[in-house]
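Work through these exercises on a domain contact. Each task is followed by a solution in steps.

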There are 4 protein chains.
Amino acid sequence: MRFHEQVEVHGHLMDTGVLARVLDDVLAYGGDYRVDKIDLGRTHDDESHAVVTVGAESASRLARILMRVQVHGVNKLVPGEARMCVADADGVFPEDFYSTTNLETVVHLDGQWVPVEHPEMDCGLIVSGGRVRTVPVADVRAGDVIVCGIDGVKVVLPVSDHSTRLHGEFASMSTFSSTAAQPQAVLVKAIARQIREVKAEGYQVLWVAGRAVVSTGASRALTALVEAGYVDVLFGGNALATLDLERALFGSALGLGSPHSRRVQRGNEQHIRTVNTIRRAGSIRAAVESGLVTKGVMHAMVKAGKSFVLVGSVRDDGPLPDVHTDVVAGQRAMRAALRGVGFTVMVATTLHSVATGNILPASVPVACVDTNPSIVSGLTDRTSAQALGVVADAGLFLEQLATELVPDYRT
Amino acid sequence: MRFHEQVEVHGHLMDTGVLARVLDDVLAYGGDYRVDKIDLGRTHDDESHAVVTVGAESASRLARILMRVQVHGVNKLVPGEARMCVADADGVFPEDFYSTTNLETVVHLDGQWVPVEHPEMDCGLIVSGGRVRTVPVADVRAGDVIVCGIDGVKVVLPVSDHSTRLHGEFASMSTFSSTAAQPQAVLVKAIARQIREVKAEGYQVLWVAGRAVVSTGASRALTALVEAGYVDVLFGGNALATLDLERALFGSALGLGSPHSRRVQRGNEQHIRTVNTIRRAGSIRAAVESGLVTKGVMHAMVKAGKSFVLVGSVRDDGPLPDVHTDVVAGQRAMRAALRGVGFTVMVATTLHSVATGNILPASVPVACVDTNPSIVSGLTDRTSAQALGVVADAGLFLEQLATELVPDYRT
Amino acid sequence: MRFHEQVEVHGHLMDTGVLARVLDDVLAYGGDYRVDKIDLGRTHDDESHAVVTVGAESASRLARILMRVQVHGVNKLVPGEARMCVADADGVFPEDFYSTTNLETVVHLDGQWVPVEHPEMDCGLIVSGGRVRTVPVADVRAGDVIVCGIDGVKVVLPVSDHSTRLHGEFASMSTFSSTAAQPQAVLVKAIARQIREVKAEGYQVLWVAGRAVVSTGASRALTALVEAGYVDVLFGGNALATLDLERALFGSALGLGSPHSRRVQRGNEQHIRTVNTIRRAGSIRAAVESGLVTKGVMHAMVKAGKSFVLVGSVRDDGPLPDVHTDVVAGQRAMRAALRGVGFTVMVATTLHSVATGNILPASVPVACVDTNPSIVSGLTDRTSAQALGVVADAGLFLEQLATELVPDYRT
Amino acid sequence: MRFHEQVEVHGHLMDTGVLARVLDDVLAYGGDYRVDKIDLGRTHDDESHAVVTVGAESASRLARILMRVQVHGVNKLVPGEARMCVADADGVFPEDFYSTTNLETVVHLDGQWVPVEHPEMDCGLIVSGGRVRTVPVADVRAGDVIVCGIDGVKVVLPVSDHSTRLHGEFASMSTFSSTAAQPQAVLVKAIARQIREVKAEGYQVLWVAGRAVVSTGASRALTALVEAGYVDVLFGGNALATLDLERALFGSALGLGSPHSRRVQRGNEQHIRTVNTIRRAGSIRAAVESGLVTKGVMHAMVKAGKSFVLVGSVRDDGPLPDVHTDVVAGQRAMRAALRGVGFTVMVATTLHSVATGNILPASVPVACVDTNPSIVSGLTDRTSAQALGVVADAGLFLEQLATELVPDYRT
């Protein structure tokens, strides 16, 4: 191989199997490697350290390999200085832009290691006024200064400071595999403790919820959690809010979860009438403040002054006036709502959970709840460094969590 | 069609779609029909009544059609007298034996309508000393007198007396379709009320449980339910009991549900050592009485003097000495334990739930709990006339049910 | 009940259970009913006819009940003349707008029955120049003339002319329930025959495809179907097109479906680099025409001059320049592409399949393919009057379909 | 730790993560460890080697730890001589019996390394006449000489000779994770090639099949594979054979897979009548030879003189006379049929697949096919060292495989 570079990785290499993945990725990208040095420690708590030489046939392929393996926390042994290019068009990165991970990242600029603000995966890095922040491709503008290549960029594996903030029990449980054979009741208690602790430290709790929260009758539990202050931000879609408002306006007559739910539907007048009524009111907030909507999850969020971001999808009816119909604008609104978030609960939605995972830093712990084991493991694998998957239905999960967190919930 | 017969059916024909199924089944068996009379009533509570002529090319085909449609509660308009044949070999019915449903059934013998004892589907009817009872094919003996053909056999749809015993709420909830979009917390409360009521009326509660009950950490909840007297009979397999005993003997080190559960297993010494230890003790009861086993579900069952039937399967290790290795003998033991059962809860096992559904009369209400919607709807469709499916994980379901039924469970 | 109205319904009432649903819906909406007349016919092929009086406590509730039950094909016995109101704001219907079904619908205007153009569920009806067409709530403008209430609106159950166009076998198979226990190979052959026939009659075939089509390696089969002329329109999302283009640009190194697919991903530089490359090119078409992209499904669509509509979602990276980021604009583009479509195949995408089902008339037959039985039955229940669900993986389904339809595919 | 022992492991330690699992298992059993030496090699193809000291508080705990980690291929550095005890009761092992893995194993007896005959997990080792073979706990008899403790027992990881027999492509594909996002068509081709190769080398092909093979209409494909000589042994249950025979006797009228499959069943006269008919005939073979059964899978097996083992379960109706009702006897019959098997295909049955996995040596490659990803990954994790999971429905899988393997199948 004509081009090569030494890289290093720290951490519990044996435990995590990370080195095997690094080496596989190198081969998959058409590169090659040689393990130069490996120190695994002798006991369970020892950290390990490896140095590997990675080679490729071209400099550009080598650069791509080095970016790829950074998702595993692998850095160049001699990082060098960051190289910058200027974007030549709106919405397009320079050819060899540095593609980010969601790990804590630092960039070597003028001899200083500058931390990247709000780490987010699959973005570029924009440099401006001595600061570095992530920028998604849709938001780059001609003239922006973008980090190119791998030089001068280091990632930090999320081991040290953040994990001490984590409830030890939660951290250890995140190693549970996501199968139906989990001690769910124990997991719910661990999540409750984690939420209490995160709130006590002044962080916010973000919820990402699907419509099953309403259709499983868990609105009562979620509403209680909102009122008790355990829901600071809510991400969801048009269906969640519409079903919740439909129940507030009309009762549950023909909603999902009724005995009718599997029957043929060639139209749902109650659903679209709900949307129309809120459109006429102008917004969910207006509908609450005018007294039109007097109960439910959205009502509680408005009354508690908490923020929610609803982003549309192609299957939406209407949608509600509060829904971002432009998904890129919706992503921007979600990013803006992430500041201060110290814990995330994802319940019964794949679409919005993946979307949230895409923009969350790896340092924020996540609990993912779904009845489908494949969805749970997909979500926990992709997102946080501390992700706890729970294979459970939204209904009993929220009932149990409210019982743990909200005094007098069961009375 | 050369051969034909008038049949009739009563009940909420429009609601249940039963007439459509009857007519479909007639066509599927190669017969034909003509609707002679139909009275649907005018309001929701009116019962309906239909008379249909069914035709076929041969008498034997006509007889088979008439037996088939009896699963829908359809009887001959003029039933006639029962015809009997003598079995000519052990374990074999006469050629044209009457094949049973699990509905209440009466047989016309010497001008009297004799009720069938313990209705069970897919059996024959044995007549002896003026009484009629179901007999599975494996248990028929040469010389037994068996009802043949459809003449003189009527089934009774489970509407009248039993349903009044049912908690009204439970009955209405059994119309919920089995999807993840159910109000699970409400369903659990309804099941709790139903169990309390059934116990108050002196009936027994049968549980059919899979090993996930242990691996989800729900042993504590199930043990509490046993101690509180809500588990009179337990059906299960070798895995349920072995996992429970393994935890009692060794703790949960490497059982399912541990972080290791998805890893490669080329052997499980702790599991097989548990089996061997109980085999050495002679039985589960002996292991409990000798003080070897001091906790867990099986321990609680023995201490409470309740009965359990464990039936083996081809994937068992060992098995435990209490396990019926002959499945036909196991079915007999299960049948013997059904007397007095007024409610059945099936949790996290397809194999034993189907087996139980096969031998239960349609008059016993059932709650089926599983994380897989297809399994839940399969079970509720097959078994009781009052089956409530809950798509939920065993862990949260049992935690919730114990919270409802067992005082001070959560403290 | 103070307000009441006679309604009627034709069709195979016993077979379809439709009358039970109608009566249930009336009760669920708080109304009441009385069956005035029912004629079920005597044999299997006879049509039935029922007249029912529906009552409610208020005129507005009665109107809503009547709209609701129209999804089952139930019309007022004396329809009367349509009533119209003027929309008073953009994007909001008048309070008592008529909410559409996706059935063929006619509106009584000035003594004439005017057919509704492009039936679509959950829309309003706009009247202009003596014509009537559906309009979604987002597209209504102040001043538009909108049909209000149920008077003068009749739906037609999809029995007569269209079904004769359907391959008889396909029609009969659409009664198969969507379980894993289906004769899949037979179903694929029926779909192939149906596609050939629909094309022969000059209709177009619409495909709705998820990214699993690429990740299961079925691109080769789908590409062959495009080249053979069996894919006239393609609906999908950013992931489908990006994965397809990623394979065209970089091979399949680290895409989904590789041995790596379940591993931790904290970023995917190849995926986002693909998006950036196409954004630089300006469009998928430009990337194909410039020779940058030389293979794959999107390449084949461009080369064949076929149209595709890609609509974004909140979880998208990028997205590609061709993707509609505004979902309402995306829905409009999808509607515009539906003209001439006579058959729809939905493969391995819930989001886009539901979105397509939302805007399709009930008269277009649909085949839904997914590995998850719940998704398949959900889709087939909601959409077409002739929907065939196939529980199968995209890979083998497309391989099999290409083998049936494309000469020399297997060689 | 008072008791300790040095162990060693060879192989691709980084790739497989095996060392991490070993160390985890040591801790989970309450032991401790120290890594004494580790040599990972420098390039991808280099083997690695590690020496670890394992400690525990008691000799018996240490012995159990050492047995446990042998499932990962870890042996004592200084194995010593095997120790033997005499079983003191039928069906019970001595207290500290050696619990087997399914790996190739050798036992040090009188200074010789004696290979264990037919490796099978969760058994004991019986020594007799200088030979060593596995014995399940149910089959041990008082007086049998059983290996106790870990001394003198070594396992061999399945890398060397057998894997060379494997089609290289198959081996590499077995690293695919079992998700719906697999290149199924490619996997089927690889399985076809593997079957051809294994047959060419004189090995037998074992099939384990569930009833979905019949209910998906795949009987035709499986029958063709039997006739073409690709099914040497068939394992299954009562349902598979009964459904197959029911179709042969009566056609498919009301079997699963018909439009009726999800409907209420309170009895199935056709099913039980089939069982009764075969019971009257005496056996499946007798029913075939007498001309009663003239088609289907079982007919083809009998005609081709191939062997099948049907083992009963508690949910069986009947069962058929050929079904082993005693599951331990059934396991013995399955073991006896394994000789000469070089490849196993498991299709659409969890129960019988797990049962087969329990008794198969790790050296036999396996292909597992099911629509449920959780089942596929559970099976592939547990059984062979070379297991390829395919998430697909039985119907299209078998159609595709028959197309590959049977000349003129599609014509």
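**Exercise 1.** Find how many residue pairs are in polar contact between domain 1 of chain A and domain 2 of chain A.

Solution. Domain 1 of chain A and domain 2 of chain A share 5 residue pairs in polar contact, both residues at pLDDT 80 or more. A polar contact is a pair of N or O atoms within 3.5 Å; within protein, one must be able to donate a hydrogen and the other to accept it, and residues adjacent in sequence count only if both atoms are side-chain atoms. Next, take the side of domain 1 that touches domain 2: α3 (59-70) and β4 (75-76) of chain A each supply at least two residues. The largest share, 3 residues, comes from α3(A). Helices (H or I, at least four residues) and strands (E, at least two) are DSSP runs, numbered from the N terminus.

This is a predicted model: local features need pLDDT of at least 70, side-chain atom pairs count only at pLDDT 80 or more, and totals for chains, interfaces and linings use all residues. Residues are numbered from 1 along each chain as its sequence is written, chains are lettered from A and ligands numbered from 1 in the order in which they are written, and side-chain values use heavy atoms, leaving out hydrogens and water.

**Exercise 2.** Identify the side chains that meet in a salt bridge at 2.4 Å, N to O.

Solution. Start with the count: the interface of domain 1 and domain 2 of chain A has 1 salt bridge (a side-chain nitrogen of Lys or Arg within 4 Å of a carboxyl oxygen of Asp or Glu). Then name a pair: D151(A) meets K76(A).

**Exercise 3.** State the area buried between domain 1 and domain 2 of chain A.

Solution. The two bury about 1000 Å², 63% of it on carbon and sulfur atoms. Buried area is the accessible area (1.4 Å probe) lost on putting two parts together, summed over both. M67(A), Q70(A) and K76(A) supply 54% of what domain 1 buries against domain 2, more than any other three residues.
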